[in-house]
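Welcome to the tour. Have your viewer ready, and we will go from one selection to the next.

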Amino acid sequence: MKKAAVHSFTVLPALPDSICALEGISQNMFWSWNPEFIELFKRIDCHLWAASGHNPVKLLASASQQRLQSLAGNQGFLYELGRAEDKLAQYLNRPKTFEGIKSEPGKPLIAYFSAEFGIHESLPFYAGGLGVLAGDYLKSASDLGIPIVGVGLLYQKGYFRQYLNVDGWQQELYLENDFYNMPVKLVCKENGEPLTISVEYPGRNVLAQVWSVTIGRVKLYLLDTNIDANSPTDRLITASLYAGDREMRIRQEIMLGIGGLRALIAMNIEPKVCHMNEGHAAFMVLERIRQFRRRNQLCFDEALAATRASNIFTMHTPVKAGLDEFTPELIEKYFASYISSLGVEKNEFLALGRILPDDNGEPFKMPVLALRFSSYVNGVSELHGQISRRMWSSLWPKLPIDEVPIASVTNGVHTKSWLSSEMLSLYENYLGLNSTELGSDESAWENVEQIPDEQLWAAHQMCKGHLIAFARECLKTQMKRRGTYHTELNWAEEVLDPEALTIGFARRFVSYKRANLLLKEPKRLAELLINKEHPVQIILAGKAHPRDTEGKSIIREIIHYARQYDLRRRIIFLEDYDINIARFLVQGVDVWLGVPRRPMEASGTSGMKAAINGALNISTLDGWWCQGYSPKTGWAIGSNQQYTDITYQDMAESQALYNILENEVVPLFYTRSTDNLPRAWIKKMKNSISAIAPVFNTHRMIREYTNRFYKPALDKWAYLTSDGMAKAKALSKWESEIRKVWPEVAVADVQVHLDNGQTNEQLNTEHKQIKVGSKLDVKALVKLAGINPKDVSVELYYGPVDNWGNITDGSAVTMSHNGNKDNNGEHWFGGSIDCMLSGRQGVTVRVVPNHIDLVNPHELNLICWQKTDADSD
């Protein structure tokens, strides 16, 4: 049947004047982290609130006019509505200056690009931890007044909805999102027409319209290609998150990076700093260069010098196999016409995303592109920073691994979004914190000890009760969908015991997260679960990627185990894991279990969410738990050991987990005082809260990004782009000149002398034993090939020497320029070191470029080391 012409329009709810403020409140996601706002929506109609998926816009559209008129005359409701309206207004009018960073109204300085954003379950445009972190990050930016804007894609079907068949095998369902009944708004031009941007694809242009989400004082802009002007194929670019083949992925990432920046420019927003949350948006760096070249008549290298210093790249994946890469053929197909606009040749372009630039067969790697074009790069925990430096060290082959320019900023959570109302009330009463200060005042958390044990335990038990009631309702729904007889539904009312030790495990089901580690000894686990005096119960949730057969098999294995040992009342799997399920779990469990295979977990944040609600963590020492763990705050499975045999690792760590549960966790939980309180357990809860809550939150996290990255990047941007880009042009010219002559730079001679306070004798091959506290004076003759001595840093590099003669854990000391030798281009440099450690030590000399406008000395990836005798031969 031929498609008919349809004239579309939007019908809005007719809210009576006295409650018209509900419309504005429902459109600002500030309500999602303020419980009193949610209670206000529930008062409209609690059943509709649940049926709407906790979506206030859909709730207002579904409520009957009669109900709305009734509320318009309800004085109690109007009073609460007035309070909510005042609170939102006060929040929006707070000063927006943070740490000295100011911006004009509606002109954010920082753009934050991410493939997914998890703000709330009513906006299902996220798959997991990456998106939820991005959502929490924007909430903290709003709370703290940081001038940031989010950029992403608006997925018509979001991520898949999960359900299990009778065999326990995951099935996927894709549901269409109705954006006109969600807290998102179409961005329109002054004439009322939707704002669209255009992006070049092979043989055609693809248009995208832009939607906005208001998150407190921050905007999130999402691109949508599902418009009539596009072909049916191109309308699917923003159909689903992480679905489709490699070609669909490159289409999405072009739209995210290139289209996302164009959308900001079209809205008259030109960010001074661009932050990529993972490598999906890395094409943004190319578009930023293209825009600069066009507007300022710059060459590629000049535009790169101007923009690189204000690009930030946060990586989240600790294994190369999990990162996006595209074949050269696919890159050529989609960038054939784009390359010329950058002013580079095809092979130069392809080299931008390769570890080995001259390897024509190497795929184009998105993280490599982001790494090369960003002056600030970080992992998301201290361990992940270490792993990332090692993983990407081949990009800096001559640099010691610990100097690879990848830092770390540990992730956090938006405390208010994950904290139960019961715990929030305790914190406000006993810590003196109001709801907007959570995560801001570290010293206040020391007062957790002042919370009476009775009240803390009562609040926790109440949250556990909410979780169990919620889990039972979820099970009924799951059973009904599978066609369970009504008479058999009664057993769902009997699952889970409010007094039993409750363990939570919820995350992506992927092999390295090892959800089935507890099943290594099925009978031993069963004995823990069915112990009549000290029972244990486990609630699990999580999705496997649709193409991850191994992840799906783990879910099925757990379901079959529960059936085989008749443990269905003790092991519960909640289908279709989302933010709502996560919230119930982290607020209600006693123990949060994390068993990733070290070092595969970049950070993880679910354990942080559980900890702020009083749950205790049991986890392998991976990701954030390496920093969060102490014997006073939880339990560590195994040690820092890394295994080469993963089968042995799984066996050893499953044994360690069983031992912890049997010998420490269960006895501690069930040891009660005369008033039936687990006093020692509560003490550990308080230790965990006071240690974890003030540190592992997105307020601290975004402060760290601001002080370490955003502020210096903003300063560098202002400096490099001043005076008609004169500084950027000069820096680019300097870099070009340095690269041209660098192959001729060499350390011609090094003389090491022992300074014993009286004489200064040369340290030669016959004299290599010295005392701790000795001072070594070093002179180096360096061939600079015409480079000004101020344009290099000549350094002593010293430290312990391994069995292969290499310096490990070395330190660098800058040497001073001592003059030119015979005016022949060779220069003497001098420096000294104090030998404070015994054992075999070594010293060498190296040369790196030096310029005040470089963010770090290794941006050019140029370094010259003193050659060995073998190298000289």
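Start by selecting Arg846 and what surrounds it: apart from neighbours within four places in sequence, Arg846 is in contact (heavy atoms within 4.5 Å) with Leu399, Pro400, Glu403, Ser793, Val794, Glu795, Tyr797, Ala812, Ile863, Cys864 and Trp865. The model is a predicted one, where local features need pLDDT of at least 70, side-chain atom pairs count only at pLDDT 80 or more, and totals for chains, interfaces and linings use all residues. Residues are numbered from 1 along each chain as its sequence is written, and side-chain values use heavy atoms, leaving out hydrogens and water.

Is Arg846 buried or exposed? Its relative accessibility is 2%, so Arg846 counts as buried (under 20% relative accessible area, with exposed over 50% and partly exposed in between; 1.4 Å probe, protein chains only).

Now show side chains. That of Arg846 makes a polar contact with the side chain of Glu403 at 2.8 Å, and another of 2.7 Å with that of Glu795. Such a contact is a pair of N or O atoms within 3.5 Å; within protein, one must be able to donate a hydrogen and the other to accept it, and residues adjacent in sequence count only if both atoms are side-chain atoms.

Next, colour the strands (DSSP runs of E, at least two residues, numbered from the N terminus). Arg846 lies in strand E28, residues 841-849. The open sheet has 4 strands in the order E25-E24-E28-E29, with antiparallel pairing (strands pair if DSSP finds at least two bridges between them). E25 (811-814) and E29 (864-865) are the edge strands, each with a single partner strand, so one side of each has no neighbour in the sheet.

Finally, select E24, residues 792-800: E24 pairs with E25 over 4 bridges, and Glu795 has Thr814 in E25 as its bridge partner.
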